[in-house]
Amino acid sequence: MSYPNGLVSQGKQPLFSFGVITDVQYADIPDGRSFLGVPRYYRNSILVLRKAVQHWNNHQNISFSLNLGDIVDGFCPKGQSLEAVKKVIEEFDKFNGRVYHMIGNHCLYNLPRSKLLPLMTFPNVDRAYYDFSPIPEYRFVVLDGYDISAIGWPHDHPHTIDAVNLLNEKNPNLEKNSPDGLVDLERRFLKFNGGVGKEQLKWLDKTLEDATKSNQKVVVCCHIPLDPGASSKQALLWNYDEVMDVIHRYDCVKVCLAGHAHKGGHFLDSCGVHHRVLEAALECPPGTNAFGYIDVYEDRLSLIGTDRMASSEMVFNH
């Protein structure tokens, strides 16, 4: 049996499968372009999501699905933000299983965390990072890449203050979303990115230690990419290096999944961790799609992509 996009089935049943989609960025506004001039299809993106949910439901063996963040767009008129978020959540709710959400910058342009987290059924409404185990052998760790952020928290919140100080130190531009004059990896210090705070880093360390003791393989998920090999330098987590230092202490992490960098990417780092950045639903012209599902095996993850989402084999090297 062969799959679309040229993958060949290994003939073995997966342990489980899950759906993936990212950067829906829906808004009821005319099509536009990114700051780099890439066309964006704000109204069509919800149709891509609808198609994804139908696809996962028809498959019948999709255990859960992952939304890697940015469900509505920053250009969504503020008076429509709440309705737009609810509309997208309604589409996700048509999936016959659990949907695990992540916080993205565009979500935070529209609504504060206090409103978003309950709407998106986060397991804990006080924080946007968490973990879950679909089967005993696997654990998923969901990070909050906007823990330290200049958006989403109240202006006087310590996490906002830390973020603003960091941006002022690292980015001399008046417009903090501009990388002008920033060199190489310094280009990540932009306002639309964020960082993982100290408390979350400690939690990550403890969670990975626990997963190691339980002999689990781990998939780390974050809206913002964690490796420059899989993404443009402008789309990286501010302290991706600190997060990866924690991850590389353990052998249990096999794959890191992300969104945010819309054109996607795949990179195998020097410690054998796969970084797969997923292609955005927002940039699909009408009639095209970008979503997929991942078959999980003991020794690999196999992404079966639809249309603009490339299929990928992520084989573990130990």
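This is a predicted model: local features need pLDDT of at least 70, side-chain atom pairs count only at pLDDT 80 or more; totals for chains, interfaces and linings use all residues.
Local features need pLDDT of at least 70 and side-chain atom pairs count only at pLDDT 80 or more, while totals for chains, interfaces and linings use all residues. Residues are numbered from 1 along each chain as its sequence is written, and side-chain values use heavy atoms, with hydrogens and water left out.

**View 1. The largest pocket and its lining.** A pocket is an open set of points on a 1 Å grid over the protein atoms alone, where a 1.4 Å probe fits, with protein on both sides within 12 Å along at least five of seven lines; lining residues have an atom within 4 Å of a point. The space in this largest pocket is about 680 Å³, a volume being the space filled by probe spheres set on the points. Of its 24 lining residues, Ser34, Phe35, Arg40, Phe192 and His262 lie nearest the centre.

**View 2. The second largest pocket.** This second largest pocket has a volume of about 550 Å³. Its lining has 25 residues, and Ile148, Asp162, Val196, Gly197 and Lys198 lie nearest its centre.

**View 3. The surroundings of asparagine 171.** Asparagine 171 counts as buried because its relative accessibility is 0%; buried means under 20% relative accessible area (1.4 Å probe, protein chains only). A polar atom of its side chain lies 3.0 Å from the backbone oxygen of phenylalanine 189. Not counting residues up to four places away in sequence, asparagine 171 touches Lys176, Ser178, Leu182, Phe189 and Leu190, where contact means heavy atoms within 4.5 Å.

Technical notes. Buried means under 20% relative accessible area, exposed over 50%, partly exposed in between (1.4 Å probe, protein chains only). A polar contact is a pair of N or O atoms within 3.5 Å; within protein, one must be able to donate a hydrogen and the other to accept it, and residues adjacent in sequence count only if both atoms are side-chain atoms.
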